[in-house]
Amino acid sequence: MKKRNLYVMISILIIFLSGCWSRTELNELAIVTSMGIDKTEEGYMVSVQIVNPSEIAGQSASGRTEVVSFMKSGETIYDAVRHLSTDAPRRIYVAHLQLVVIGEELAQEGIGKALDVLSRQHELRSDFFITVAKGTTAYDVLNVQTALEKIPSIKIANALENSEKAWSPTKTVRLDELISSIVSKGKEPVLTGVYVYGDPETGSEFTNIQNVSPATGLRINSIGVFKNDKLLGWLTEDESRGFNYITDNIKKTPVTFACEDSKVTIDTTRSKTKVKGKVVKGKPKIEIDVNAEGFVGEVECSIDLTKPESIQQLNEKYKESIKGKIKAALKSMQDNYQSDIFGFGEVIHRSDPKAWKSLEKNWDQEFAKMEVTVNVMANIRRLGTITEEFQKEIEEQ
């Protein structure tokens, strides 16, 4: 009995006194904040941005950059990542990854293999953003230093979130959402593009960000259209806004339209979209209802906002402007790409599962010729802090 108790005690001690057998000290890690993946003739090229902790956390700057970039090629992405150990003096640690940039050439060939390796790694979280390097390579994008944010990946991640909230022709996409869209039978994926303005070679130089207006930098714009895992092309700015109206992804966005001799901008502050689907005599039909509200952000024309008929006139133009963007996005998808990025297939599937079984096989063709009705209600709720325009008085002086 005593021996048995002794064995039990030893077993318990082994369990609780084992310690952190797999621990790695912080100074042994190379913390990766962003990763770029490009296609090469031999396979893939992976580039990473690693935080330079002494420059980020130190009390005084030594003059070295806050991030260091490494790049290696390999037959597979996993192989290329392991090759990075020949350059990096510390273990590559990807748990704090915030951004993955995929080169446009690889995106056109297909991102499925890249997503496979990203989704398999237990060390990776799935809450990082994924973008496409528009018209360039992921290496060029990650090789640019940014001015306001010390770490370029944080700059891009913050810009993606801010532009989605305030501008709208972009969309944040994380790993789980992207894979879900690719495997879905009734919805195709999208990714926002990021591009380098200026000379990519000078973008990596420290002197670039010492200027008030850096000659080289990073910008995000427009939405890339995919079919399965392949990039087909890019939406225009208006089409990207139309896409976000249809998918109910508008938080705030300016809407500008002609007004008499000049222009007016209405800032949309609330938008709600409902998409309904049905199948009539074997033909799928979609109805989109958008309800938007905004306030007058800028008036460049001589309209009198104290008159109710003037507000009604602006409401009508506001409505037609939103409807025009939605129809432009629909036309581009149905005529040029035949890619259901709006998820209409999923709407039809939910509304009529039996009919969807027969429509699913030829959904691309059904989507291209599908009847879509667009209804928009748009109302201006506030006029700003002034109601009487004073520009006329300025012109008369």
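**Entry 1: the whole chain**

I started with contacts (heavy atoms within 4.5 Å): residues 24 or more positions apart account for 71% of those in the protein chain with a separation of 6 or more. I kept in mind that this is a predicted model, in which local features need pLDDT of at least 70 and side-chain atom pairs count only at pLDDT 80 or more, while totals for chains, interfaces and linings use all residues. Residues are numbered from 1 along each chain as its sequence is written, and side-chain values use heavy atoms, with hydrogens and water left out.

I found 15 helices and 13 strands in the protein chain. These are DSSP runs numbered from the N terminus, with helices being H or I of at least four residues and strands E of at least two. Of the 397 residues, 45% count as buried. Buried means under 20% relative accessible area, exposed over 50%, and partly exposed in between, with a 1.4 Å probe and protein chains only.

**Entry 2: helix 5**

Which residues of helix 5 (residues 112-120) are buried? I noted Ala114, Leu115, Val117 and Leu118. They cover an arc of only 165° around the axis, so they sit on the same side of helix 5; the arc is that of the directions from the helix axis to the C-beta atoms. Lys113 and Arg120, on the other side of helix 5, are exposed. I then looked at what covers the buried residues, and the cover includes strand 1 (29-39), helix 3 (77-83), strand 5 (99-103), strand 6 (129-133) and helix 8 (175-183).

**Entry 3: strand 7 and its partners**

I moved on to strand 7 (residues 190-197), where 6 of the 8 residues are buried, so the strand is largely enclosed by the rest of the structure. Two strands pair if DSSP finds at least two bridges between them. Strand 6 and strand 7 run parallel and are joined by 2 bridges, and Val132 stands opposite Gly193 in strand 7. With strand 8 (residues 217-227), strand 7 runs antiparallel, joined by 8 bridges. I picked out one partner here: Thr192 is bridged to Ile223 in strand 8.

Strand 8 also holds Ser222. Its phi is positive, about 55°, although Ser222 is not a glycine. I flagged that for a reason: most residues other than glycine have a negative phi. Ser222 counts as buried because its relative accessibility is 5%.

**Entry 4: the 10-11-12-13 sheet**

How many strands form the open sheet, and in what order? I get 4 strands in the order 10-11-12-13, with mixed pairing. Strand 10 (253-259) and strand 13 (371-382) stand at the edges with a single partner strand each, so one side of each has no neighbour in the sheet. Neighbouring strands of this sheet are turned by 35° against each other on average, direction ignored.

Strand 12 (residues 283-299) pairs with strand 13 in the parallel sense over 11 bridges, and Val290 has Val376 in strand 13 as its bridge partner. Helix 12 (residues 344-351) packs on the sheet, where it touches strand 11 (262-280), strand 12 and strand 13. The direction of helix 12 makes about 40° with that of strand 11. For axes I took lines fitted to C-alpha atoms, for helices over the stretch in contact, and angles run from 0 to 180 degrees between N-to-C directions.

**Entry 5: helix 11**

I checked the length of helix 11 (residues 308-337) next. At 1.5 Å a residue its 30 residues should span 44 Å, and the end C-alpha atoms are 43 Å apart, which agrees. The expected span is 1.5 Å times one less than the number of residues.

Helix 10 (residues 237-246) packs against helix 11 at an angle of about 100°, with the axes 7 Å apart. The two helices are therefore roughly perpendicular to each other; that label covers 65 to 115 degrees, with under 35 degrees as roughly parallel, over 145 as roughly antiparallel and the rest as oblique. Residues making the contact include Phe243 and Tyr245 of helix 10, and Ile322 and Leu330 of helix 11.

Just after helix 11, Gln338 takes a positive phi of about 50°. Gln338 lies in the loop between helix 11 and helix 12, and at 28% relative accessibility this residue counts as partly exposed.
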